[in-house]
Amino acid sequence: MTEVRRDPLAIGLGALACGAGLGGTTITLAQLVVKLLQGRLDPDHYREAAGDPLLAGLLAGIAVAGAFGWRRSRPLENLWQSGVIGVLAAVGALLVGFLAAVADRLLGFPGLIAWGLLSVAVGTAASHWGIAASGGDQGSAMGDGS
């Protein structure tokens, strides 16, 4: 039987980047919704409606980042390391989401869309990198399997 070599550093970094990228994408999507609401609502009603999608997207982004960071780091033998990677992925998602606001300020709506697509690309590539480093036994990209 062939022995499967695992690279714990690549697994951890892949899980961290996957969670931060996909969680940051969720936060960026919430900012896109708020940006669309700004253009469609008058300023009096905007203040009532705009806070909810942004807060929901922020909390959802943190949850997505933690879940993907935890799930992708499962091949690590140490439970503590998986937990730390999940928390750091959530913090990374917050940073990616805050940088999306900078992209929006500098480049407008197209910059926000480009930042979201870049975040998806980084999260997906990091997920594949982490799976390859673990020997490929993590199941599909959606998290089913072992």
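Good morning. Among contacts in the protein chain between residues at least 6 apart in sequence, 74% join residues at least 24 apart. That figure comes from a predicted model, and I shall begin with its confidence.

The protein chain has an average pLDDT of 85, and 84% of the residues reach at least 70. Confidence is highest in helix H4, residues 79-133, with a mean of 93, and lowest in helix H2, residues 43-49, with a mean of 64. Where pLDDT is low, the predicted coordinates should not be read in detail.

Turning to the fold, the protein chain contains four helices and zero strands, and its elements therefore read α-α-α-α from the N terminus on. Of its 146 residues, 38% are buried.

How do H1 and H4 pack? Their axes lie 3 Å apart, at an angle of about 150°. Since angles over 145 degrees count as roughly antiparallel, H1 and H4 are therefore roughly antiparallel to each other. By class, the contact of H1 with H4 has 28 nonpolar, 17 polar and two charged residues.

I close with electrostatics. Side chains of opposite charge can pair when their charged atoms come close. How many salt bridges does the model contain? The count comes to one. The side chains of Asp104 and Lys35 form a salt bridge, at 3.2 Å from N to O. Asp104 belongs to helix H4 and Lys35 to helix H1, residues 8-40, so the pair ties together parts that are 69 residues apart in sequence. Lys35 itself is partly exposed, with a relative accessible area of 27%.

Thank you.

How values were computed
Residues numbered from 1 in each chain as written. Predicted model: local features only at pLDDT ≥ 70, side-chain atom pairs only at ≥ 80, totals over all residues. Heavy atoms only, no water. pLDDT = per-residue confidence, 0-100. Helix = DSSP H or I, 4+ residues; strand = E, 2+ residues; numbered from the N terminus. Salt bridge = Lys/Arg side-chain N within 4 Å of Asp/Glu carboxyl O. Buried < 20%, exposed > 50% of the residue type's maximum accessible area, 1.4 Å probe, protein only. Axes fitted to C-alpha atoms, helices over the stretch in contact; angles between N-to-C directions. Parallel < 35°, antiparallel > 145°, perpendicular 65-115°, else oblique. Nonpolar A, V, L, I, M, F, W, Y, C, P; charged D, E, K, R; others polar. Contact = heavy atoms within 4.5 Å.
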